[in-house]
Amino acid sequence: MSLGKHLRGAHVDHCKNTAGMPIIPMTLPERVSIPMSQHIGAPCQPVVAVGDHVKLGQLIGNTDAPMSAPIHASVSGDVVAIEQFMTQNGRVDTNIIIQADGKQEVAETVVPPVIDSRESFLKAVRDSGLVGLGGASFPMSVKYNVPEGSAEYLILNGAECEPYITVDHAAMLSYGKEMIAGMKTTMKWLGIKHGIIGIEDNKPDAIENFRKLLEGEKDIEVKALAHTYPQGAERVIIYECTGRVCAAGMLPINVGCIVSNVVSMLKLEQYFETGMPLVSKFLTVDGNLVAHPQNVEAPIGTAINEIIDFCGGTTGEVKKILLGGPMMGRAIPRDDFAILKSNNAILVFDDLFANRPDETACINCGRCVDACPMNLMPARLSRAYKDKDVDQLREYNVMTCMDCGCCAYVCPARKPLNFEFRMAKGLVQEDDKKRKEKEAKN
Ligand code: SF4
Ligand code: SF4
């Protein structure tokens, strides 16, 4: 696999309607519903019971599993229920429901961590409850727990290439100093020599802000990236910042890199400074039906409809709600799900935006091939998927598809290509499982 000399991808409409808007803390909700599975890996188990009084930042869910992140109370109040029900991920999960008392009393455990070694640094990262906040929800402590001396670059991802979303941009303007402080602490304890802050060149004020803050710094640089989607994808930003190719099946650390989203780094630094773990999320609330699109900070576990109401509610009949941007976001069937650590946008649309015109036959124009940043052949993959030909799907490397949606965006036949490839990956995984079971029997 090669990413090629120049980034492929799509020149998508940016629609950054909330650019330049500050991040406003929303009114405290009356109750929050906090799921125990908010990261890639093992779900947490509740460590509180119904009837307990909890304070802001108090640990409420944890597990010994290595691939995990603890979960904390986002409001002070009483635990009124612990129930199983479906969350926005479409899975049934254990949810801790807290009735807020409005006081936001801070837990006694919220004190700055003592960091005096690599081990205590990694423990602090885990205790912060942080996961990748750019949408990946990969536990940050697992990402940072790399073999000593293996990381050469810490890349701060400020690309924010998805249309509509502007919270990273807003945070870079308000909290650049904290992000740099977090980078320096991380570089110190992980022995990383080079820091790069990658920002798309359509955010010149953020680039300028970091360049000013970094005057005289030798170890951290700012890199202006072309504003081409999906510049913020991990493999793409690694290539654009370092020239290194993180091929399919490789992790960023295999090419000496750790990539962190800018807001993840900000929240980590805030944890180092105050001991307050991750309890709230920055979100862009936009879409043609939101009365007052804006950037908000909401406690984790707040119902999506309350956040939309905080933004003035909707102005017509809702046809589509997306969590995340229009390229990689997920549509949800209801608006009463709780907001999770991984969310960074709520977009609400009517018919005009929600309805995709009917797909027509492929005209072999090759635009999908030109657009694919992973050098895949989407039209062939699409045919293999329609034929349910798992061998061909493997041969055409469907598993390296990163679901960026560029192919579908440029396709004149309006084929839902990346949706097909999500399904196709499921077919390959299912086939892999069957093969392993067969091998185990023989
Ligand atoms: S969704 Fe997959 S196949 Fe389509 S452009 Fe992105 S990486 Fe390539
Ligand atoms: S962009 Fe669409 S129409 Fe063109 S080759 Fe790809 S699948 Fe076919």
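This is a predicted model: local features need pLDDT of at least 70, side-chain atom pairs count only at pLDDT 80 or more; totals for chains, interfaces and linings use all residues.
View 1. Six residues from domain 1 and six residues from domain 2 take part in the contact. The size of an interface is often given as the accessible area lost when the parts come together. Here the area buried between domain 1 and domain 2 is about 460 Å², and carbon and sulfur atoms give 80% of that area.

View 2. Take a look at Tyr-229, Pro-230 and Arg-235: together they supply 67% of the area that domain 1 buries against domain 2, more than any other three residues. Most peptide bonds are trans. The bond from Tyr-229 to Pro-230, however, is cis, with omega near 5°. Pro-230 sits in the loop between β11 (220–225) and α6 (234–242).

View 3. The residues around ligand 2 include four cysteines by name, Cys-362, Cys-365, Cys-368 and Cys-411. Ile-363, Asn-364, Gly-366, Ala-379, Pro-412, Ala-413 and Lys-415 are also part of this shell. By class, the shell around ligand 2 has eight nonpolar, two polar and one charged residues.

**View 4. The largest cavity and its lining.** The model holds two cavities of 30 Å³ or more, and the largest cavity has a volume of about 90 Å³. Its lining is made up of 14 residues, and Cys-372, Leu-376, Cys-401, Cys-404 and Cys-407 lie nearest the centre of the cavity. The elements that give two or more residues to this lining are α13 (406–410) and α14 (417–441). Sorted by class, the lining of the largest cavity has eleven nonpolar, two polar and one charged residues.

View 5. Most residues other than glycine have a negative phi. Asp-403 is not a glycine, yet its phi is positive, at about 60°. To find Asp-403, follow the chain into the loop between α12 (390–395) and α13.

Terms used: Residues are numbered from 1 along each chain as its sequence is written. Chains are lettered from A and ligands numbered from 1 in the order in which they are written. Side-chain values use heavy atoms; hydrogens and water are left out. A residue is near a molecule or strand if one of its heavy atoms lies within 4 Å of it. Ala, Val, Leu, Ile, Met, Phe, Trp, Tyr, Cys and Pro count as nonpolar, Asp, Glu, Lys and Arg as charged, and the others, Gly among them, as polar. On a 1 Å grid over the protein atoms alone, a cavity is a set of points where a 1.4 Å probe fits but cannot get out, and a pocket is an open set with protein on both sides within 12 Å along at least five of seven lines; lining residues have an atom within 4 Å of a point. Grid points are joined across faces, edges and corners, and a volume is the space filled by probe spheres set on the points. Helices (H or I, at least four residues) and strands (E, at least two) are DSSP runs, numbered from the N terminus. Contact means heavy atoms within 4.5 Å. Buried area is the accessible area (1.4 Å probe) that two parts lose on being put together, summed over both.
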